[in-house]
Amino acid sequence: MDSTPKSLDQELKEALSENERLRKSLDECVAARMRAEQAARSASEELQQFAYAAGHDLKQPLRSISLYAELLRRECGDNQQSAEFTSFLLEGVAQMQNLIEALLSYSQTGPPARRTAISLTSVLQWGLLNVERLVRESGAQVTHGDLPVIAVDETQMVRVFQNLITNAVQYRGSEAPKIDVRAAEEDDNYVISVRDNGIGIEPKYHQQIFAPFKRLHGREVAGTGLGLALCRKIIEGHGGRIWVESDGENGSVFKFTLPM
Ligand code: ADP
């Protein structure tokens, strides 16, 4: 082994060349990551365009089916069975139309377009106004604590409250729905919670329900399975996260964070 001490000059040269080697490999890593991100962005944009085009193109034939089913129903006159069949047909069409609308809305929702500092109390009230009939007919009682003023995409955040409140009403238990919205501060985030006294959600489903089209209910409860997926998309677009807490028996608490 060479025991001759290296000159300072020699050590400096070696350090510089090591530095150069590390810089190159870092550059390669950054380039690879940028390529991967670009590929993911293109794939996601392509998927969104596809969902939009498919949804859009499906609307027209559905309108025709709906129109002719309606005409058929009028033609049926007293024929009970035919009237019943066309009703099923129209029900199916309506369901499909809801699904397409939800799919279009989901695929068109991107990162928040513009953020305005607004009181979440107003956002909540706007959301409640959009589902006023559902809330009124269910006899739901909605309360809230002090909610912060925060820079959000107003339209998107209205959707979040609207969807969470609709769910709290749709998945109610035997008692009239009670919904309470609160805000807390945690580190650099606001944590907003929407608590209900509904049927609850078993812990094994807590992750899955945020995936598109994942429903725990059949046709007995109207829905598209896109409500919570859309909430997640919006909250994550705002730099937050969303989750649910429930023991599956005593209601659910949906929570999401928004950076201060
Ligand atoms: P949808 O309500 O259209 O089925 P969502 O994405 O909004 O779709 O919800 C997914 C599933 O999560 C629902 O089908 C329901 O089973 C469950 N869920 C959502 N919100 C609640 C709630 N507040 N209480 C109980 N179950 C809920």
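This is a predicted model: local features need pLDDT of at least 70, side-chain atom pairs count only at pLDDT 80 or more; totals for chains, interfaces and linings use all residues.
User: Happy to start with the ground rules; how are residues numbered, and which pLDDT do local features need?

Analyst: Residues are numbered from 1 along each chain as its sequence is written, and side-chain values use heavy atoms, leaving out hydrogens and water. Side-chain atom pairs count only at pLDDT 80 or more, totals for chains, interfaces and linings use all residues, and local features need pLDDT of at least 70.

User: Which residues of the shell are closest to the ligand, and how many surround the ligand?

Analyst: A residue counts as near if one of its heavy atoms lies within 4 Å of the molecule. The closest are Tyr 171, Arg 215, His 217, Thr 224 and Gly 225, and the residues around the ligand number 20.

User: What is the distance from an oxygen atom of the ligand to an N or O atom in the side chain of Arg 215?

Analyst: A polar contact here is a pair of N or O atoms within 3.5 Å; within protein, one must be able to donate a hydrogen and the other to accept it, and residues adjacent in sequence count only if both atoms are side-chain atoms. A polar side-chain atom of Asn 167 is 2.8 Å from a ligand oxygen, and a polar backbone atom of Thr 224 is 2.8 Å from a ligand oxygen. For the Arg 215 side chain, the distance is 2.5 Å.

User: What percentage of the ligand's exposed area does the protein bury?

Analyst: Accessible areas come from the Shrake-Rupley method with a 1.4 Å probe, and for residues only the protein chains shown count as cover. Taken alone, the ligand exposes 540 Å², and the buried part is 97%.

User: Nice! Which helices each supply at least two residues of the ligand shell?

Analyst: Helices are DSSP runs of H or I with at least four residues, and strands are runs of E with at least two, numbered from the N terminus. By that rule, the helices are α5 (154–170) and α6 (227–237).

User: Which element gives the largest share of the lining of the largest pocket?

Analyst: On a 1 Å grid over the protein atoms alone, a pocket is an open set of points with protein on both sides within 12 Å along at least five of seven lines, where a 1.4 Å probe is used for cavities and lining residues have an atom within 4 Å of a point. Elements giving two or more residues to this lining are α2 (80–108), α5 and α6. The largest share, 8 residues, comes from α2.

User: And which element gives the most to the lining of the second largest pocket?

Analyst: This pocket is lined by 15 residues, with Ser 44, Gln 48, Gly 110, Pro 111 and Lys 233 nearest its centre. The most, 5 residues, comes from α6.
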